[in-house]
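Subject: Structure handover

Hi,

Here is the structure I promised to pass on. Please open it and keep it beside you while you read my notes below.

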Amino acid sequence: MILALEYHRSPARFMAARGLTATRAGGKMSGMIAGNVSPMRLVNRQAPELPGEGWTRVTPRLSGICGSDLGMLTGRSSPYLSPMTSMPFVPGHEVVGETQDDVPGVPKGSRVVIDPVLSCAARGTTECRWCASGQQSRCDHITTGRISAGLQTGFCADTGGGWSRQFVAHVSQLHVVPDALTDERAVLAEPLACAVHSVRRVKVASGSTAVIIGAGTVGLLTLLALRQLTDVGAVYVVAKHGHQQEKAKALGATAIIEPRKAVRALRRVTTARMHSPERGDDFLLGGVDLAFECTGGAGGLDTALRLVQAGGTVVVSGMPGGNVDLTPLWYRELQLVGAYASGADGADFADAIRLAESAPLDGYVGTTYPLARWREALTHAADAGRLGTVKVAFAPAR
């Protein structure tokens with residue numbers, strides 16, 4: 001038996017959480033995440049069985065709490081994703097851990113991070129065209145094969161997830177961690193690989209201008225990837241909290257902008273024209289070349305669409321939610337690009353691990369919690385920005 005946090009789908013609890021989300025002032029969600037309406041349960045359960053050859057047991061050392069996890073717990077995730085999960089599942093897809101079995105190329109006792117996507121290789125199916133081309137994040141077979149439906153580890157009933165003391169992973173998911181890379185940096189490899197992927201989803205022309213909406217984990221790591229992997233010019237970061245602003249400056253932001261001043265500030269630096277509609281927020285005619293929406297909220301995407309010049313591109317890096325006025329997309333002939341997980345047949349992860357070793361990321365994992373203190377952990381993660389934290393993680397062995 002192992003200690004684990006289980007997620008149980010309950011329509012009544014989902015609607016209760018969603019209702020609380022709508023009524024909570026300032027986005028404070030701690031009550032619904034850790035209170036009586038929470039779908040989480042701390043349980044002792046059977047450890048997941050190895051589904052076949054090429055699989056290993058993994059004991060997590062650190063497991064991050066992601067914005068997508070919080071979205072699921074607060075009823076903000078889209079019902080579109082429901083067929084791509086199986087119940088009950090153990091969340092946790094940002095993981096650094098140790099392997100407990102020998103698999104090809106990764107001996108027992110290796111310290112690894114995981115690519116959480118459960119693609120054709122893990123499922124034992126014939127390769128779909130996306131997996132064959134190295135773009136496993138687009139896998140068409142995530143509801144079939146030898147394991148239950150699950151778009152990722154942390155959403156599949158058969159694999160378990162990082163919010164436990166043991167889960168199983170396929171060798172295709174494993175990336176060995178260099179000895180010099182601390183656990184606190186290694187646990188950032190998965191979100192950093194996602195940031196690398198989002199930057200590679202579009203052509204970033206030399207000297208082009210960009211704005212990043214949001215300076216949580218996704219936004220800061222996107223800034224890092226932009227600066228290290230492209231020849232981008234000015235990068236403006238819309239950051240709400242003081243510690244986020246300081247970290248964005250350290251990663252090379254050209255200027256930091258407060259959310260309520262975003263349109264006016266970019267009007268000045270891009271010499272665009274600002275207009276005010278009869279209803280709704282101001283927008284620019286002109287603006288930056290690229291916008292990366294990293295908040296996962298409708299407000300962030302709405303802002304991004306209003307800041308990009310005609311013919312420009314908006315990349316959706318955060319898991320979207322809510323209703324958005326898409327008129328700018330149509331009228332200004334923008335490109336709206338999604339960026340999910342990582343790709344490039346492992347290259348994104350390789351670059352993420354390299355960046356995690358060298359970038360100024362000390363202190364990004366601000367607090368770690370044992371599983372028994374899950375209510376405190378999720379409450380902290382939900383209010384991380386205000387509390388001065390970038391990433392909250394579980395230390396399941398404690």
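Start with Lys-240. Its relative accessibility is 59%, over the 50% cut-off, so Lys-240 counts as exposed. Bear in mind that this is a predicted model. Lys-240 sits in the loop that runs between β9 and α9 (242-250). Which residues does Lys-240 touch, leaving aside those up to four places away in sequence? They are Gln-245 and Pro-259. Pro-259 is 19 residues from Lys-240 along the chain, yet their C-alpha atoms are separated by 6.3 Å.

Now the whole chain. The protein chain contains 15 helices and 17 strands. Its radius of gyration is 20 Å, close to the 21 Å that the globule rule gives for 398 residues, so the chain is as compact as a globular protein of that length. The C-alpha trace spans about 60 × 45 × 40 Å along its principal axes. Take the contacts between residues at least 6 apart in sequence: 70% of them join residues at least 24 apart.

Of the 398 residues, 55% count as buried. The accessible surface of the chain is about 16,600 Å², and carbon and sulfur atoms account for 49% of that. As for charge, there are 40 positive and 34 negative side chains. The centres of these two sets lie 7 Å apart.

Then look at the interior. In soluble globular proteins, nonpolar side chains tend to be buried together. Here, the largest nonpolar core has 50 residues. Leu-226, Val-237 and Phe-292 have the most contacts inside this core. Which elements give two or more residues to it? They are the helices α7 (189-200), α8 (217-229) and α13 (347-358), along with the strands β8 (210-213), β9 (235-238) and β13 (288-293).

Go back to Leu-226 for a closer look. Not counting residues up to four places away in sequence, Leu-226 touches Val-199, Val-204, Ala-210, Ile-212, Val-232, Val-235 and Phe-292.

Helix α11 deserves a stop too. Eight of the ten residues of α11 (residues 298-307) are buried, so this helix is largely enclosed by the rest of the structure. Among the buried ones are Ala-298, Gly-300, Asp-302 and Arg-306. Leu-301, Leu-305 and Leu-307 in α11 are buried as well.

Last, some backbone details. Most residues other than glycine have a negative phi, and most peptide bonds are trans. Three places in this model go the other way:

- Met-87 and Pro-88 are joined by a cis peptide bond, with omega at about -15 degrees. Pro-88 lies in the loop between α3 (67-73) and β4 (95-99).
- Thr-271 has a positive phi, near 55 degrees. Find Thr-271 in the loop between α10 (262-270) and β11 (273-275). With a relative accessible area of 70%, Thr-271 is exposed.
- Ala-344 also has a positive phi, near 60 degrees. Find Ala-344 in the loop between β15 (335-338) and α13. Is Ala-344 buried, exposed or partly exposed? At 41% relative accessibility, Ala-344 counts as partly exposed.

That is the tour.

Best wishes

Notes: Residues are numbered from 1 along each chain as its sequence is written. This is a predicted model: local features need pLDDT of at least 70, side-chain atom pairs count only at pLDDT 80 or more; totals for chains, interfaces and linings use all residues. Side-chain values use heavy atoms; hydrogens and water are left out. A nonpolar core is a set of buried Ala, Val, Leu, Ile, Met, Phe, Trp, Tyr and Cys residues joined through side-chain atoms within 4.5 Å. Buried means under 20% relative accessible area, exposed over 50%, partly exposed in between (1.4 Å probe, protein chains only). Helices (H or I, at least four residues) and strands (E, at least two) are DSSP runs, numbered from the N terminus. Contact means heavy atoms within 4.5 Å. The radius of gyration is taken over C-alpha atoms; the globule rule is 2.2 Å times the number of residues to the power 0.38. Accessible areas come from the Shrake-Rupley method with a 1.4 Å probe; for residues, only the protein chains shown count as cover. Lys and Arg count as positive and Asp and Glu as negative; His and the chain ends are not counted. The place of a charge is taken as NZ of Lys, CZ of Arg, CG of Asp or CD of Glu.
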